Amino acid sequence: VGGCLKCFFEVFGEWEWPRPVLLKKIREEPPEGWAKMQVWNPGGNRWDGRHLMPIVTPCYPSMNSSYNVGKGQLRRMEFEIKRGREVLEKIFSRGKKGEDAGWEEFFRETNFFNRFSNFLEVRCCARNGSDFRRWHRWVESKLRILIAGLEMAVEQGVEPHPFAKFFDVQSMGTREKQGEVCGTSFFIGLRSLRANGDIVDLSFCTNEFLYAVSNWEERQQGMEIFVQGVSGGGGL
């Protein structure tokens, strides 16, 4: 098992995206008795050609299973794969010396919240569980707009690193501070590319997301969305 893990991280630690991952050659024509369907074709389809991390399914019709990976997600995965490879190299080196391999280091939780000084928090909440589930699904479906918008901030000196996990928030007050609500938060690490550390206004990156979320036809009273900057360094 350890050898398989080491092979995985070595291969993808050097993988040159958007070179596609293929288990077999893409089949252009359908099997006998099948209707012809569109297959993943970056040369003939301009949308397919924009994919950053193509991992192509082997069965007809071949599709990119990671079509929704953006620059921020790819950046984060490349970092974690590189980190995993470095940890595995240390584990195997210790094993060759007859020392304790220390596999717990490989399975240790990420230190994501200690790697950045600033974060963008997206918090959605509702007044009851039923409304919250519907609202959360809607907000989650629109996060790609926010993440794509934040890529424009790179030109302003800020590099976004989204963390693919939601954190439940207990007993948050609504904007009117009335009652208790159900809520969850999503975080995006912000790495400054500027030496002087100047403050950057990210509202131009978040406005489209907030507009798309807030104008949902099924939105009910108490369904709230907040985007705010928070300081990091202490973990969660």
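A helix's expected span is 1.5 Å times one less than its number of residues. Helices (H or I, at least four residues) and strands (E, at least two) are DSSP runs, numbered from the N terminus. This is a predicted model, where local features need pLDDT of at least 70 and side-chain atom pairs count only at pLDDT 80 or more, while totals for chains, interfaces and linings use all residues. Residues are numbered from 1 along each chain as its sequence is written, and side-chain values use heavy atoms, with hydrogens and water left out.

**View 1. Helix H3 and its kink.** H3 covers residues 129-150. Its 22 residues should span 32 Å at 1.5 Å a residue, and the end C-alpha atoms sit 30 Å apart, which agrees. Even so, H3 has a kink of about 35° centred on Lys-142; the bend at a residue is the angle between axes fitted to the seven residues ending there and the seven starting there. Lys-142 is also one of the buried residues of H3, a list that includes Phe-132, Trp-135, His-136, Val-139 and Leu-143. Here buried means under 20% relative accessible area, exposed over 50%, and partly exposed in between (1.4 Å probe, protein chains only). At the start of H3, look for Asn-128: one of its side-chain oxygens comes within 3.2 Å of the backbone nitrogen of Ser-130.

**View 2. Helix H2 and what follows.** H2 runs over 71-96. With 26 residues at 1.5 Å each, H2 should span 38 Å, and its end C-alpha atoms are 38 Å apart, which agrees. Buried residues of H2 include Leu-74, Ile-81, Val-87, Leu-88 and Ile-91, and also Arg-75, Arg-76 and Glu-80. After H2 comes Gly-98, with a positive phi near 80°.

View 3. Rolling a probe the size of a water molecule over the atoms shows where empty space is left. On a 1 Å grid over the protein atoms alone, a cavity is a set of points where a 1.4 Å probe fits but cannot get out; a pocket is an open set with protein on both sides within 12 Å along at least five of seven lines; and lining residues have an atom within 4 Å of a point. Grid points are joined across faces, edges and corners, and a volume is the space filled by probe spheres set on the points. The largest pocket holds about 980 Å³ of space. It has 30 lining residues, and Asn-68, Val-69, Gly-70, Gln-73 and Arg-144 are the closest to its centre. H2, H3 and strand S2 (158-172) each bring at least two residues to this lining. By type, the lining of the largest pocket splits into 15 nonpolar, six polar and nine charged. Ala, Val, Leu, Ile, Met, Phe, Trp, Tyr, Cys and Pro count as nonpolar, Asp, Glu, Lys and Arg as charged, and the others, Gly among them, as polar.

View 4. S1 gives the largest share, three residues. Six residues of this lining are nonpolar, one is polar and one is charged.

**View 5. Asp-201 in its loop.** Asp-201 lies in the loop between S3 and helix H4 (203-214). With a relative accessible area of 54%, Asp-201 is exposed. Cys-125 is 76 residues from Asp-201 in sequence and 25 Å away in space, C-alpha to C-alpha.

Technical notes. Polar contact = N/O pair within 3.5 Å; in protein donor to acceptor, adjacent residues only side chain to side chain.
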